[in-house]
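Here is a short note for a colleague who has not seen this structure before. Please keep the model open while reading the points below.

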Amino acid sequence: MVTILLATYNGEDYLKAQLESIASQTYGNWRLITGDDGSCDGTLNILREFKKRYPDQVKIIKNEPATGSAKNNFINLLRNSHGPYFMFCDQDDVWKRDKIYETMKKMEAMEERYGKDTPILVHTDLSVVDENLEMIAESFFQYANLPKRIALNQLIVQNSVTGCTAMINRALQKYFLQPLPMGKILMHDYWAALVAKIFGRIAFVNEPTMYYRQHGNNSVGAKNSKNPVFLMQRLKEGKESYRKQMIKSMEQIQGFVETYGEEIEGLDEYNLLKTYGNLYYRGKMRRLYFYRNHQVLKEGKIRKLMQWLWG
């Protein structure tokens with residue numbers, strides 16, 4: 001059984017297409033739990049109609065009060081769900097028919113190799129499309145210039161796990177059930193990736209399993225890091241904006257060490273996390289030395305340039 005966690009908020013424009021793509025999956029042993037964060041459009045009506053078609057597979061939760069963000073909504077869903085496997089689902093994308101099947105196949109292979117008690121995260125590539133599902137890029141990882149192999153020294157400064165492609169197992173879910181520093185967590189998928197990297201395994205399916213829809217209301221969205229417009233936009237946002245993002249990244253690692261520090265067995269890993277979490281208060285030369293010495297660098301020339309200049 002795969003539990004699909006769908007966070008919704010005023011998603012009526014694209015939600016039907018996403019739900020139909022779930023209903024069309026070749027892997028049929030799924031259930032859908034939706035957390036609605038106070039929609040005032042037709043989102044709930046769309047969900048209720050879908051539930052009528054699949055009454056035993058769909059559960060609708062109205063968050064009262066609203067959680068306030070996609071991150072909080074997803075973590076709330078994960079903390080209040082049961083099952084051996086969980087997938088995160090955005091309201092505006094479209095899944096390819098074999099998304100669950102291909103992801104589950106990799107998950108089963110990983111659990112057979114490392115055991116079901118090992119926290120495992122499986123994620124995949126995805127195709128980038130516009131609001132009308134017209135293709136922008138076949139591969140998100142090529143488009144955004146992200147690494148497919150995840151090393152800890154890169155993960156702490158840049159997340160390359162896209163949550164809407166991810167599946168986690170019960171062993172990883174357990175790390176979300178204890179008190180968490182919610183204010184320091186950047187996104188639910190980023191936190192899950194850190195847990196999997198430190199305490200378990202991350203696996204990648206090198207095939208697009210969904211269409212990642214880009215439109216004006218995307219909370220994150222895909223960025224073409226090779227496009228000069230991307231560079232100009234980041235430069236326009238400026239040093240202060242970039243530094244705020246870096247501080248949030250370091251605060252997230254602070255929160256991670258505060259939450260799980262006693263469980264981290266590797267001394268080198270612990271020291272890397274501990275030092276990075278406190279890095280911003282040690283002066284720019286210290287930060288640059290740390291980045292170089294530990295290869296804590298983002299992927300791509302533009303990202304590295306901004307990190308050296310402003311990090």
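**Notes on a predicted model**

1. Start with Leu133. Leu133 sits in the loop between strand E6 (120–129) and strand E7 (135–137). Its phi is near 70°, a positive value in a residue other than glycine. Most residues other than glycine have a negative phi. Bear in mind that this is a predicted model.

2. Gln295 also deserves a look. Its phi is near 55°, again positive in a residue other than glycine. Gln295 lies in the loop between helix H11 (284–294) and helix H12 (301–310). With a relative accessible area of 46%, Gln295 is partly exposed.

3. Next comes His294, a residue of helix H11. His294 is partly exposed, with a relative accessible area of 35%. Which residues does His294 touch, not counting residues up to four places away in sequence? They are Asn153 and Leu272. His294 and Glu64 are 230 residues apart in sequence, and their C-alpha atoms are 45 Å apart in space.

4. Glu64 has a point of its own. A cis peptide bond joins Glu64 and Pro65, with omega about 0°. Most peptide bonds are trans. Pro65 is found in the loop between strand E3 (58–62) and helix H3 (70–79).

5. Turn to helix H1 (residues 15–23). Its buried residues are Leu15, Gln18, Leu19, Ser21 and Ile22. They cover an arc of only 160° around the axis, so they lie on the same side of H1. An α-helix has 3.6 residues a turn, so residues three or four places apart point the same way. What do the buried residues of H1 pack against? Their partners are strand E1 (2–8), strand E2 (30–36), helix H2 (43–53), strand E4 (85–89) and strand E5 (94–95).

6. Thr26 lies in the loop between H1 and E2. Thr26 counts as partly exposed, at 45% relative accessibility. Thr26 and Asp98 are 72 residues apart along the chain, yet 5.6 Å separates their C-alpha atoms. Leaving aside neighbours within four places in sequence, Thr26 is in contact with Arg97, Asp98 and Tyr101.

7. Is helix H8 (188–199) largely enclosed or open? Eleven of its twelve residues are buried, so H8 is largely enclosed by the rest of the structure. Among the buried residues are His188, Asp189, Tyr190, Trp191, Ala196 and Phe199. The length of H8 also checks out. At 1.5 Å a residue, its twelve residues should span 16 Å, and its end C-alpha atoms are 16 Å apart, which agrees.

8. H8 and strand E9 (201–213) each supply at least two residues of its lining. E9 gives the largest share, four residues. The lining includes His123, Lys148, Arg149 and Ile150, along with Ala196, Lys197 and Gly200. Arg201, Ile202, Ala203 and Phe204 line this pocket too. How does the lining of the second largest pocket divide by class? Five residues are nonpolar, two are polar and four are charged. Ala196 is a lining residue of this pocket and one of the buried residues of H8.

Notes:
Residues are numbered from 1 along each chain as its sequence is written. This is a predicted model: local features need pLDDT of at least 70, side-chain atom pairs count only at pLDDT 80 or more; totals for chains, interfaces and linings use all residues. Side-chain values use heavy atoms; hydrogens and water are left out. On a 1 Å grid over the protein atoms alone, a cavity is a set of points where a 1.4 Å probe fits but cannot get out, and a pocket is an open set with protein on both sides within 12 Å along at least five of seven lines; lining residues have an atom within 4 Å of a point. Ala, Val, Leu, Ile, Met, Phe, Trp, Tyr, Cys and Pro count as nonpolar, Asp, Glu, Lys and Arg as charged, and the others, Gly among them, as polar. The expected span of a helix is 1.5 Å times one less than its number of residues. Buried means under 20% relative accessible area, exposed over 50%, partly exposed in between (1.4 Å probe, protein chains only). The arc is that of the directions from the helix axis to the C-beta atoms. Contact means heavy atoms within 4.5 Å.
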